[in-house]
Amino acid sequence: MSGIYVHIPFCKRACHYCDFHFSTSLKYQKKTINSINKEIEIRKNYLNKEIIQSIYIGGGTPSLIDVSEVEKIIKKIFKEHKTKKEIEITIEANPDDITKNKLSEYKKIGINRISLGVQSFYDKHLIYSNRSHNSKQAIKSIELILESGFDNFSVDLIYGFPNMTKKEWEKNLNFILKYKVPHISAYCLTIEKNTVFEKYIKNRQMTELEQEYQKDMFLLLMKKLQNNNYKQYEISNFCLKNYKSLHNSNYWEQKKYMGVGPSAHSYNKYSRQWNVSNNLKYIKSIEKNIIPFESEILSEEDKINEYMLTSIRTNKGLSIKFIQENFNQELNDHFVKKIKKIPRNYIKIENDHLILTKKGKCFADKITRDLFYLN
Ligand code: SF4
């Protein structure tokens with residue numbers, strides 16, 4: 001089974017930390033959506049007719065566009081692909097776009113999961129990062145989602161804003177617990193290239209929080225959610241029972257997926273490809289029936305790196321047997337040599353799987369980098 005990702009590259013405004021592809025001009029909105037629908041048709045064989053078990057409409061801010069446009073995309077996917085009966089259809093939404101009416105329309109067109117970009121319940125963090133919503137809208141949107149009967153939804157949070165204290169982070173988590181949000185994605189703020197925050201750092205207008213402080217926030221996140229029956233099924237993703245995101249799990253389990261829309265990535269186990277990150281170039285190329293993408297064929301080394309990168313972040317961990325059975329002796333020797341160098345209290349071996357301990361999770365990025373096979 002596979003998944004389809006749809007990238008809607010439009011936002012109301014640019015968040016200061018964001019390096020995704022999006023445009024704040026809606027000028028090409030209609031044409032982009034039409035092109036996305038055409039791309040779905042042109043690439044109908046990309047997934048080799050595998051059954052689609054999840055559709056994820058992300059961006060950008062897909063809640064910005066008319067529900068009728070979203071409906072066209074979903075219908076197109078259903079027309080061109082075989083879909084699982086209990087398909088998961090997620091849409092990313094920002095709190096300021098959520099209304100009772102919109103939620104009811106989402107339901108009607110088959111959307112059964114909302115991923116809400118809250119980030120923080122404090123106005124000072126939202127203003128600092130140039131988000132388009134405020135804390136009142138964040139709370140209101142969660143209440144509306146609950147009232148409208150969407151039991152499956154996720155809230156995105158960010159910790160580690162330079163102006164965020166541990167107390168504030170804890171209060172943010174308390175909001176999540178109060179509303180019994182079934183799924184949480186919580187990421188530490190990272191300073192990406194070509195973002196406003198990167199400029200602030202360069203100009204010394206901003207100082208990043210100390211890593212130890214960020215680590216404490218991460219430890220608090222794990223402790224608090226674990227104490228409240230959330231399962232940390234991936235380093236940054238937590239869910240109550242039965243609310244794991246199928247679509248995200250696809251990525252971590254190396255299942256195939258097709259990404260459509262400007263900048264969207266696709267993966268079919270042999271290669272990776274990504275569409276041009278420019279709305280106009282995308283539209284013009286699709287007009288000529290040409291998908292504007294670049295690609296790379298995955299070497300054995302790429303595949304093992306990819307496997308380690310994704311699996312080690314999950315609660316299942318990295319299967320030693322899988323590595324033994326799927327990769328050559330040289331890569332296996334490399335793997336064994338690298339594992340021996342990881343501090344013992346960072347990992348544990350359970351049922352032939354290498355799993356990060358709580359302490360190890362704090363250093364997941366470094367551990368993965370160290371495991372990487374580099375030519
Ligand atoms: S709304 Fe999302 S995609 Fe748009 S700028 Fe903000 S973080 Fe990036």
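Guide: Before we start, a term: rings of Phe, Tyr and Trp (its six-membered ring) form an aromatic pair if their centres lie within 6.5 Å, with planes under 30 degrees apart called stacked, over 60 edge-to-face and the rest tilted. Y128, F197 and Y200 form one aromatic cluster on that basis.

Visitor: What sort of model is this?

Guide: It is a predicted model, where local features need pLDDT of at least 70 and side-chain atom pairs count only at pLDDT 80 or more, while totals for chains, interfaces and linings use all residues. Residues are numbered from 1 along each chain as its sequence is written, and side-chain values use heavy atoms, with hydrogens and water left out.

Visitor: How many aromatic pairs does the structure hold?

Guide: Twelve aromatic pairs. One of them is Y307 with F322, which is tilted, at 4.4 Å centre to centre and 35 degrees between the planes. Y307 is in helix α11 (residues 300-311) and F322 in helix α12 (residues 320-326), 15 residues apart. Helices here are DSSP runs of H or I with at least four residues, numbered from the N terminus.

Visitor: Is Y307 buried or exposed?

Guide: Y307 counts as buried because its relative accessibility is 8%. F322 is partly exposed, at 32%. Buried means under 20% relative accessible area, exposed over 50%, and partly exposed in between (1.4 Å probe, protein chains only).

Visitor: Which charged side chain lies over Y46?

Guide: R43 lies over the face of Y46, 4.6 Å from the ring centre. K107 lies over the face of F150, at 5.4 Å. The test is NZ of Lys or CZ of Arg within 6 Å of the ring centre and within 35 degrees of the ring normal.

Visitor: Switching topic. What surrounds the ligand?

Guide: C11, R13, C15, Y17, C18, F22, G60, T61, N94 and R131, counting residues with a heavy atom within 4 Å of the ligand.

Visitor: And by class?

Guide: Five nonpolar, three polar and two charged residues. Ala, Val, Leu, Ile, Met, Phe, Trp, Tyr, Cys and Pro count as nonpolar, Asp, Glu, Lys and Arg as charged, and the others, Gly among them, as polar.

Visitor: Where is T207?

Guide: T207 lies in the loop between α7 (196-202) and α8 (211-227), and T207 is exposed at 65% relative accessible area.

Visitor: What about domains?

Guide: The domain assignment, automatic or from a database, gives domain 1 (2-251) and domain 2 (299-375). The contact (heavy atoms within 4.5 Å) takes twelve residues from domain 1 and ten from domain 2.

Notes: Helix = DSSP H or I, 4+ residues; strand = E, 2+ residues; numbered from the N terminus.
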